[in-house]
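Please read these notes with the structure open beside you. Each point takes up one topic.

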Amino acid sequence: MRHPVLSGLCLAPLVLAQPVLAETVNKLEEVSISATRGGSVAGQTPQKITIITREELEQQLAVTSDTSQVLSNLIPSFSPSRQKLTNSGETFRGRNPLFMIDGVPQSNPLRDGSRDGYTIDLSMVERIEIIHGASAEHGLGATGGIINFVTRRPEGTQIRQHLGMRASAPTDYDEDGVGYKLDYRVEGVRGNWDFLAAATFEERGMYYDADGRAIGIDPAQGDTMDSRSHDLFLKVGYWLTENQQLQFTVNRFELDGHHDYVLVSGDRANGVPATSVPGSPEGDAPKNDVVTTNLTYRHDNWLGNQVLAQVYTQRFRALYGGSRAGTFQDPAYAPINDLFDQSQNESDKVGAKFTVTRDGMLNNRLKITAGMDVLQDETSQVLTQTGREWVPETRFENIAPFVQGEYRATQRLSLHSGVRYEYAKLKVDDFTTLASYNGGQFVEGGEPSFDETLFNFGVVYQVTDWAQLFANYSEGFGMPDVGRVLRAVNQPNQSVDDFIDLEPIVTDNQEIGWRFRHGAWDAEISYFRSDSDLGARLEQVNGVFEVMREKSEIEGMEVDTNYQLTERHRIGASYAHVNGKYDSDRDGHTDTRLGARDISPDRLTLRWQTRWNDRIASQMTGNYLFSRNYPGNGADNDFSSYTLVDASLIYTLSEGKLSFGIDNLFNEDYFTFFAQSAGLLDDQYTKGRGRTLSVGYSLDF
């Protein structure tokens, strides 16, 4: 039987996590990246790849359980967190990331409701793999990059259990601000079987700003505060032979708002923030309800090849808050301005991936990976109070064969190249838009199809034993927000087959960088450029965001560096800059700066990690967001800088571990980046969380 440490791995060879604070300098383990189809090794790729280890996650989870805040803290080119149940306005290198769980896509680009970052509890995650920049390795959606949540795997040969609990509260204490979390895990290996089962339950209290005011709740997109979530996770594997494993994984995540508060609108012109007061909002509470399944077969030595076959499903339901918005009004249901309704995004995916890799060819110089992906995604948006269809059911069918190669030309030079052919078809039946769209328009359905051949080229050159150059060109394949386009038809005699707005988004990503590791110091610097001839910028028109298909160009720089001061102290810094323009007059030349919904402010992150002794480890992180002027309506769009500092400490007891975390250590009083520059409504003019304390205890037995 295979060594139990390997059991549970389904997407990559042996993975050894890098410790947060190395006991010895310059002693790093190789990490194989499952988000790359050929299982590339971190630090040997032509594009920038970041690995967030379990140890780093635990330091972050001691402070916050908000997924977007964790990503924002650890990926400087990821937009600042909105601290809401939405990723709207949060981008990665100025474009959309593809979220995945063990390679299963979570994003829903056909009707992008911006809830795809909240489909799993981070307690279930072993590490997070981030591919920076556009990539077609997993098909649709990764125009900004890939964020892959790799789930935990069974370890050891004994039955092992874990019990954890955590409580949090604002320092300006209010009992409504108290939250708590419980998590349990059991895992083990028995003969050829291995398993891991886990569950989490979390109650989140209200969030309070630095002045002790309840932060304005988001009645439309939904909120993580004043909510309850649970996650049920199961992974079962069976070793058919020493080299063959069959593994099944299922994850059920649900987050529901309590619906106990109503919004008090702010006043942007006078600097008054939106707040919340107890109340009973109309309608049902916003929620996410997501079930992901994954059946994987792997053979590590089939005639000298490594084979991976994967079949997966995802059932995604995202309910949004309701209103009496003009879009919902229909005199057939209620008098004008008196009809309340709310929408729900519904997406059902079925897909399969097949990959075969052969290494060691041409005198151990050539590695080839080939395969095929198949996906069917059925997406719609319904109005739950009246049973109307806002976005008709749209079926996306996609088949994509690919081949990827790595050629080690010399001991110092490796060449990387690949090609992927995407064939996609949309199927939409005849439908009629809501009455608010010019009385309701009949739209003839259709089956438009698209095909693209996507390429990538890369080179890695080891200049010296401690310095490396890399360069990469890659193309990403995405779709515009199809649902937003279809639901907004307000002119007669329209046909789905004739919409240019449904054409795919092909993004070209060019990157050049330098890696350095010498003695106690390591660094990585990269410059990137991302171009799309037919983008999908959102612009507010008559109070509703519409898709604008325009050429866009984005460029930026990322810098990461760390220095091991002593055996126990490590400091680090990261900096990210992103800028972009779009073609406003559609003459083929970009001429207008992109706004805050696409481009995040420059960010500097400083870290100090310390292992004081064998029992105590701490981390302090500071994020400074630089001021920036954004295009739009003048000063109201401009962003004013702020600094956030977090601290965490983990203390290992003779039995279990204690964790302490402080979010916003210095109680910074600030309006969030989104509130200042991207969300221009008074309802969205919210402050960020004030100082919040967390304490936790966990026991492994």
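1. Aromatic pairs come up first, and they need a rule: rings of Phe, Tyr and Trp (its six-membered ring) pair if their centres lie within 6.5 Å, with planes under 30 degrees apart counting as stacked, over 60 as edge-to-face and the rest as tilted. One aromatic cluster is formed by Tyr630, Phe639, Tyr642, Tyr670 and Phe673.

2. A word on the source. The model is predicted, so local features need pLDDT of at least 70 and side-chain atom pairs count only at pLDDT 80 or more, while totals for chains, interfaces and linings use all residues. Residues are numbered from 1 along each chain as its sequence is written, and side-chain values use heavy atoms, with hydrogens and water left out.

3. How many aromatic pairs does the rule give? The count comes to 17 aromatic pairs. One of them is Phe99 with Phe149, which is stacked, at 6.3 Å centre to centre and 5 degrees between the planes. This pair links distant parts of the chain, since Phe99 is in strand 2 (residues 97-101) and Phe149 in strand 5 (residues 145-151), 50 residues apart. Helices (H or I, at least four residues) and strands (E, at least two) are DSSP runs, numbered from the N terminus. Phe99 and Phe149 are both buried; buried means under 20% relative accessible area, exposed over 50%, and partly exposed in between (1.4 Å probe, protein chains only).

4. Trp193 and Tyr238 form an aromatic pair that is tilted, with 4.7 Å centre to centre and 50 degrees between the planes. Again distant parts of the chain are linked: Trp193 is in strand 8 (residues 193-204) and Tyr238 in strand 9 (residues 227-241), 45 residues apart. Trp193 counts as partly exposed because its relative accessibility is 47%. Tyr238 also counts as partly exposed, at 28% relative accessibility.

5. Next, salt bridges. Side chains of opposite charge can pair when their charged atoms come close. The rule used here asks for a side-chain nitrogen of Lys or Arg within 4 Å of a carboxyl oxygen of Asp or Glu. By this rule the count comes to 45 salt bridges. Lys48, Arg93, Glu511, Glu558 and Asp560 are linked in a network of them.

6. In the bridge between Asp209 and Arg213, the closest N and O atoms are 3.2 Å apart. Is Asp209 buried or exposed? Asp209 counts as buried because its relative accessibility is 5%, whereas Arg213, at 30%, counts as partly exposed. Glu524 and Arg515 meet in a salt bridge of 3.1 Å, N to O, and both residues are buried. Lys687 and Asp669 form a salt bridge with the closest N and O atoms 2.8 Å apart. The pair links distant parts of the chain: Lys687 is in the loop between helix 5 (673-678) and strand 35 (692-700), and Asp669 is in the loop between strand 34 (657-663) and helix 5, 18 residues apart. Lys687 counts as buried at 10% relative accessibility, while Asp669 is partly exposed at 38%.

7. Now the surface. Patches are made of residues with over 30% relative accessible area and no salt bridge: like charges are joined within 9 Å, and nonpolar side chains (Val, Leu, Ile, Met, Phe, Trp, Tyr) within 5 Å. Accessible areas come from the Shrake-Rupley method with a 1.4 Å probe, and for residues only the protein chains shown count as cover. Trp521, Tyr563, Leu565, Ile571, Trp608, Trp612 and Met620 form a nonpolar patch, with about 650 Å² of accessible area together. Ile571 is in strand 29 (residues 569-582) and is partly exposed because its relative accessible area is 33%.

8. Helix 2 (residues 67-74) is mostly covered, with seven of its eight residues buried. Among the buried ones are Thr67, Val70 and Leu71.

9. Finally, look at two backbone angles. Gln83 has a positive phi of about 65 degrees although it is not a glycine. Gln83 is in the loop between helix 2 and strand 2 and counts as buried, at 9% relative accessibility. Asn667, also not a glycine, has a positive phi near 55 degrees. Asn667 is in the loop between strand 34 and helix 5 and counts as partly exposed, at 23%.
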